[in-house]
Amino acid sequence: MLILPEWLVVLAPSILLVGLAVSLLPFFKHDFWPARVALAVVAIAFSLRYLHWRLTETLAPAGLTLDAVASWSFFAIEAGTVLSGMSAFVILSRHRNRSGDVDRQLAEQGAPKAEVAVFIATYNEEWAVLERTIIGSLACDHPRKRIYVLDDGRRDWLAEHCRKLGVTHVTRPDNRDSKAGNINHALGLLRASGRPPDFVAVLDADFVPHRDFLTRGLALFADPSVGLVQTPQHFFNPDPIQHNLGISRSYPDEQRFFFDYMQPSRDAWGLAVCCGTSSIMRWAALETIGDMPTASVTEDYLLTSTMALHGYATIYLNEPLSEGLAPEGLKEYITQRARWCLGLMQILHSRVGPFSREKLRFRDRLSILESAAYWLTTFPFRLACILFPLLYWYFGAIVVDARMTDIIYYFVPYYLATMVFLNFVSVGMFVPIVNDISQLVGALEISRAAIVGLFRPHGHAFQVTMKGGARGDIVVQWTIMRRFIVLFALTLFGLLIGLTSSYLFDARAGEGKPVILFWTLYNLLVLAGTMLVCIELPRTASLLRMRPEQVLVTSGTRRWNAWLEDIHQEAVRLRGLSLPAGAEVEIAVAGIGSIPGRITLTVGATIDADITLTTDQRELLVQKLHTQSGAPGTGAVANSRMAAGILRRIIAGTIH
C-alpha cells in the first residue's frame, strides 16, 4: 500500500485544481457555457467544503470568552461573504450576448424610425463636461431625436448655451426627488405637450453617446415586452484606484467586471438591471408604471423592479455605445458607491422589495437579495480582515484555530477555485491585492451606509457625485488616509511584539502562529496600497482612448511631422520635435483642420501647447474623441505593466 507524504496529501487538491486549469481552460472561450457551469460547480463545492471545515474545526468553544466572541463573529461575517460569492457563481455560470440580435434586426428591418427624447440630467456640472454630452447627442445618427437638457441647477448661462446649440433647456421650481424627480418633471412636460416620443433615452451629464447608441439600442425594442435597454458604462479617464496606483494603462476600471461580465450573466437569467445613464426606455412602459419611481436614491435599479412588476423586461446590450467620466476624486468615488449601497437598502424596504406582497417574480426577489447581500457582506468582511488579527496580536484571541497545513488543505483550494472561476469568466480581470485595495478604501463608509440603510432607509440627503473641475495638484486625503495609517501602525507594532515576545500568545497559538503571521503580512501590503491610493496625483485631460497620430506642425516657414499624443479643448501634447516656449504654431489634425497654438513647455522632444478652437472645431473634436465606435479605457489586465506601474508609483512617492 502506497503511503503518500503529508505535504503531498495537503497540496493534492490545489495541485489538481491548478493542473486542470492550466491544461484544459486555454481551449475554451469565456462564454462557453459548459465550462462556466463546470467551474461554478467546482467553486461552489470547494466553498462549501471550506465553510464546513471552518464551522466544525476552527471555532472556539461557545461561551462568553474573547476567543469565542472573536472566532464566531468573524466566521459569521466570512460565511455571509462566501455565501454571497456562491450566489454570484450561479449567476455567472450563464452568459448572453445580444449583439447578434441587433445585427439581424437591423439587417431585416433597417434602422428604427421611432421618435426618441434624449434626456441629459444635470445639476452642477461645468460647461466643458456638458458640452461633450450635448454635442455627442446631436451627432447620434438617429434622425428623429429631440434633446432636452434637464437643468436642476437652473443656470441662465446654460440656457444660453443650449439655445445656441439648438437643444431644449428645461428647469423646474424645486429639486424634489433629485434625478428621478427631474426626469419625471420632463416626462410630464412631454405628456402635456400632446406629442410624447416613442422612447426616452437617459444620459448623465458626463456621458457622451456614440453615433450608433440610439440605432443599436432601439433595435432591441422589436419585442413589445422589452421596457428598457441598458448599455454599459465605459470611461475615458482613469478612476482614482487606477490613477493613484499608476496602473491606468494596465488595469481596467473597477466597474468593468460588473458591466462586461456580471450584467451579461444577469441578462441570461432575465435579471439585467437599469444603471441610469446610457439606457433607453419605452414610453408606453413609463406610462404604465407611472414614471420613474422615487423611493430609492438608486432610482435606476428600482425602475427595473417596477417594470418587472408590470410585465416589462430590462435587457442588456453589451456594446460600448457611450463613454463618460469616472469619479476623479477619491471622496467622490466613495460617495458614489455609498449612495449605491444605500439605494439597495432602500429597495429592500420598497413595495417591489423581496419581502413585498406585490406579485413580483421569485427570481426578481432573489436578485435584490443577492445584490443587497453583496453590499452587506463584502465591505464589512474587508474591514474585519484587517481588524480581527489585531485581537490576536494585542489580546491573544485565537480568531481562526488552524494549523498552516489545514489552511493549505482547505482554504487554498477554495481560494484557487474562486480565482480560477472568476478569472475564466472575466478573462483574467481579478488581481487579488488590487481588488482588496479597491474594496478597503471605501469599506467604512459603505459598511455604514449598508447598516444604517438597512434599519433606517429614509431621511438621508442625496449626494451628487462631482465630476470635472481643476485637479492639477497633489492632494492627500488625510480624512480617509488617517484610519489606514492607524491600522497600518497597529498591525506593524502588533507584529513586532509578536515576533519578539511570547507574553500573550505563543504558548496558546502553537502551530497557528504562521497563519496569523501570513495574514498580517498580507494586510500590511493591502494597507500600504490603500494609503497610496489616498495620495491623489495631479490629473491632466489625458484620454485613455487617445492613440498617437501623425500631424503636421508649422511654425513660420518651417514644417515638421510630429505625433499627437494628447488633445483636449484647450491644449495639445506633441512628440517628435522641440520648439522654444512662446513659439506660435499651426497644427493640422485630421478631421479637425488647422489649429493655432502657442508652445508652453518643451521637455526633450515633447512639447505642450495651448490651442484655440473655433466653435465648429470644438464640435468636431468631441466627435473625433468621444462618439466613434469602440471602447475607451483599459479592457484587460497586463500584469507585468501593472507591477511596473505600481513600482514607479512607489518610487515617485518615496522621492517626493
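Which residues have the most contacts inside the largest nonpolar core? Select Phe74, Phe257, Phe421 and Leu422, which hold that place in a core of 52 residues; a nonpolar core is a set of buried Ala, Val, Leu, Ile, Met, Phe, Trp, Tyr and Cys residues joined through side-chain atoms within 4.5 Å, where buried means under 20% relative accessible area with a 1.4 Å probe, protein chains only.

The model is predicted, so that local features need pLDDT of at least 70 and side-chain atom pairs count only at pLDDT 80 or more, while totals for chains, interfaces and linings use all residues. Residues are numbered from 1 along each chain as its sequence is written, and side-chain values use heavy atoms, with hydrogens and water left out.

Next, colour the helices (DSSP runs of H or I, at least four residues; strands are E runs of at least two, and both are numbered from the N terminus) that each supply at least two residues of the 52-residue core, among them H1 (6-24), H3 (66-92) and H15 (404-425). H3 gives the most, with 10 residues.

Now centre on Phe421, which is in contact (heavy atoms within 4.5 Å) with residues including Arg36, Leu39, Phe89 and Leu92, when residues up to four places away in sequence are not counted. A second, separate core of 51 residues includes Leu309, Ile368, Phe484 and Cys534.

Technical notes: Buried < 20%, exposed > 50% of the residue type's maximum accessible area, 1.4 Å probe, protein only.
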